[in-house]
Amino acid sequence: MSALVNAIVMLGMLVVVPAGLRLTGEQELDGIRRLWPLFAVPGAVALWLPRSPAATALACCYALGTVLLALHAPRRAARGRDLDPAGIALLTALITPAVAAVALVAERSGHELFGFDLGILALTVPHFHFAGFAAALIAGLVCRVSDGPAGRFAALSVPLGTLLVLVGYFIGDWAELAGALVLTAGMWTVGLLTWRMGRADGRDRTTRLLLLASAAVLVATMLLALSWALGEATGIPHPTLTWMAATHGLGNALGFALCSLLAWRRIRADQPDRADQPDRTGGRTA
């Protein structure tokens, strides 16, 4: 399982985060995006080393980059930026890689942070790259083009569900199940709106297939997430963590996150001026 999880995390570090930052269209994030390989490459190397001071130091390099990224969130909020639902999703995306990096540093150092065993810490790293960064970012993008009740619900429930899952780590399995329910509702709404985008007229074949694939994958992967959380809370049979990594984790990484980002990149390439249009809060579109 560790090799698969490491590969998924590398995808998040080296591809998903910088690609997602480009899609925001935010000039103030260009600096950290250009510097991102300086932080992400050491973090990726740390994944494959034995737990040691060297691995911990490399993980700390990645953590530094995620902290610099996360610091944009309070600055934007203090200026009154990103306080609409889509903006809140963007703020969540800026913060969640830092949560993943803290777990990575602890796991690479062999420290059971807050009492969580090293296996759980290792799985927290991909979770907050994909269920955190990628899901929140894409929910915000979808909300920008589907500015109705469903879009706003998706943009708010994905960050809320991610937060509740994190809180559930500390409170207990039932709280984590509640977070999984909220996150699943948000992700399925993202999937529904993405499916409608894929079915809309005017899409080229490749973009259409990428959108439809990402939407369809969410149905299966979030059902798996619910079955695992329900099993943990009630004791009924449920998938093992190894099985979850190979199905839920891999599906969300490749089928949802990567397909969605590729689709949105193609959409933005077809509409090059869209990222420069001001949104209702006076900021740039996300």
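**Entry 1. Confidence.** The mean pLDDT of the protein chain is 89, and 94% of its residues reach 70 or more. Confidence is highest in helix H3, residues 53-70, at a mean of 97. Helix H4, residues 72-78, has the lowest, at a mean of 88.

One stretch I marked for caution. Over residues 273-286, pLDDT stays under 50. The model still has 35 contacts beyond four places in sequence for this stretch. Where pLDDT is low, the predicted coordinates should not be read in detail. I left that stretch there.

**Entry 2. H2 against H3.** I turned to helix pairs. Helix H2 covers residues 30-48, and its axis lies 7 Å from that of H3. The packing angle is about 155 degrees. That is over 145, so H2 runs roughly antiparallel to H3. I noted the crossing as left-handed.

Which residues of H2 and H3 meet? From H2 I listed Ile32, Trp36, Phe39, Ala40, Pro42, Gly43, Val45 and Ala46. From H3 come Ala55, Leu58, Ala59, Cys61, Tyr62, Leu64, Gly65, Thr66, Leu68 and Leu69. By class, this contact has 15 nonpolar and three polar residues, and no charged ones.

**Entry 3. H3 against H5.** Next I followed H3 to another partner. The axes of H3 and H5 come within 8 Å and cross at roughly 165 degrees. H3 is therefore roughly antiparallel to H5. H3 passes H5 in a left-handed crossing.

On the H3 side, the contact includes Ala55, Ala59, Tyr62, Thr66 and Leu69. On the H5 side, I found Leu94, Pro97, Ala101, Leu104 and Arg108 among the residues taking part. The contact of H3 with H5 counts 14 nonpolar, three polar and one charged residues.

**Entry 4. H8 against H9.** I moved further along the chain. Helix H8 spans residues 173-199, and helix H9 spans residues 205-234. Their axes are 8 Å apart, at an angle of about 165 degrees. H8 and H9 are therefore roughly antiparallel to each other. Here too I wrote down a left-handed crossing, H8 passing H9. The classes in this contact are 22 nonpolar, six polar and five charged residues.

**Entry 5. Leu47.** Now single residues. Leu47 sits in helix H2. Is Leu47 buried or exposed? Its relative accessibility is 7%, so Leu47 counts as buried. I checked what surrounds Leu47. Beyond four places in sequence, Leu47 touches Asn6, Val9, Met10, Met13, Leu104 and Arg108. Asn6 is 41 residues away from Leu47 in sequence, yet their C-alpha atoms are 6.1 Å apart.

**Entry 6. Pro18.** I found Pro18 in helix H1, residues 2-24. Pro18 is buried, because its relative accessible area is 15% and the cut-off is under 20%. Not counting residues up to four places away, Pro18 touches Met13, Arg33 and Trp36.

**Entry 7. His72.** His72 belongs to helix H4. Its relative accessible area is 11%, so His72 is buried. Which residues does His72 contact, leaving aside its neighbours within four places in sequence? I found Glu28, Leu29, Ile32 and Leu94.

**Entry 8. Val142.** I located Val142 in helix H6. Its relative accessible area is 1%, so Val142 is buried. Its contacts beyond four places in sequence are Val190, Leu193, Thr194 and Trp264. Ala154 is 12 residues from Val142 along the chain, and their C-alpha atoms are separated by 8.3 Å.

**Entry 9. Phe114.** I ended in a loop. Phe114 lies between helix H5, residues 85-109, and helix H6, residues 118-145. At 62% relative accessibility, Phe114 counts as exposed. I then checked its backbone. Phe114 has a positive phi of about 55 degrees, although it is not a glycine. Most residues other than glycine have a negative phi. I flagged Phe114 for that positive phi.

Conventions
Residues are numbered from 1 along each chain as its sequence is written. This is a predicted model: local features need pLDDT of at least 70, side-chain atom pairs count only at pLDDT 80 or more; totals for chains, interfaces and linings use all residues. Side-chain values use heavy atoms; hydrogens and water are left out. Axes are lines fitted to C-alpha atoms, for helices over the stretch in contact, and angles run from 0 to 180 degrees between N-to-C directions. Helices (H or I, at least four residues) and strands (E, at least two) are DSSP runs, numbered from the N terminus. Angles under 35 degrees count as roughly parallel, over 145 as roughly antiparallel, 65 to 115 as roughly perpendicular and the rest as oblique. A crossing is left-handed if the near helix is turned anticlockwise from the far one by less than a right angle, and right-handed if clockwise. Ala, Val, Leu, Ile, Met, Phe, Trp, Tyr, Cys and Pro count as nonpolar, Asp, Glu, Lys and Arg as charged, and the others, Gly among them, as polar. pLDDT is the predictor's confidence in each residue, from 0 to 100. Contact means heavy atoms within 4.5 Å. Buried means under 20% relative accessible area, exposed over 50%, partly exposed in between (1.4 Å probe, protein chains only).
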